[in-house]
Amino acid sequence: MPTPTCHCGAVRIEAERAPDALNECLCSICRRYGVRWAYYRTAELRLPEPQATQTYEWGRRMIAFHRCPTCGCVSHWTSNDPARDKVGVNARLFDPDDLVGVPVHQSDGPP
Ligand SMILES: [Zn+2]
């Protein structure tokens with residue numbers, strides 16, 4: 001089971017499967033973060049407790065970007081719309097062995 005983890009180890013996510021594909025989003029914030037997103041349904045993940053991360057929202061505030069307050073790694077985003085069952089996990093936090101053979105795509109818009 002992949003367990004993407006921030007650098008200091010305080011923020012840890014458990015995913016029940018390897019990602020199907022990674023999205024290297026080139027929108028204004030993702031290209032600055034340098035992230036690649038692996039998308040999941042909420043039920044496929046065990047996410048950190050809300051108080052374990054700090055969040056950043058901008059623009060229309062459709063999603064919240066979570067980061068570790070200690071080491072600063074961006075770990076995931078969650079939707080502010082409860083009807084949207086989608087979470088983006090920063091694939092840069094995965095063990096590279098869990099991503100062998102997973103294709104990487106690029107997009108230039110928000111997820
Ligand atoms: Zn950390």
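Mentor: A residue is called buried under 20% relative accessible area, exposed over 50%, and partly exposed in between. In this predicted model, Lys86 has a relative accessible area of 27%, and therefore counts as partly exposed. Lys86 belongs to the loop that runs between strand E7 (74-79) and strand E8 (87-90). Leaving aside residues up to four places away in sequence, Lys86 is in contact with Tyr39, Tyr40, Trp77 and Ser79. The C-alpha atom of Lys86 is also separated by 9.5 Å from that of Ala43, although these two residues are 43 residues apart along the chain.

Another loop, the one between strand E5 (54-56) and strand E6 (63-67), holds Arg61. Arg61 is not a glycine, yet its phi is positive, at about 55 degrees. That is worth a second look because most residues other than glycine have a negative phi.

Turning to the cysteines, the structure holds zero disulfides. The closest cysteine sulfur to that of Cys27 is in Cys30, at 3.7 Å, and this is too far for a bond, because a disulfide requires a pair of cysteine sulfur atoms within 2.5 Å. Cys27 has a relative accessibility of 10% and so counts as buried, and Cys68, with a relative accessibility of 1%, counts as buried too.

Definitions and conventions. Residues are numbered from 1 along each chain as its sequence is written. This is a predicted model: local features need pLDDT of at least 70, side-chain atom pairs count only at pLDDT 80 or more; totals for chains, interfaces and linings use all residues. Side-chain values use heavy atoms; hydrogens and water are left out. Helices (H or I, at least four residues) and strands (E, at least two) are DSSP runs, numbered from the N terminus. Buried means under 20% relative accessible area, exposed over 50%, partly exposed in between (1.4 Å probe, protein chains only). Contact means heavy atoms within 4.5 Å.
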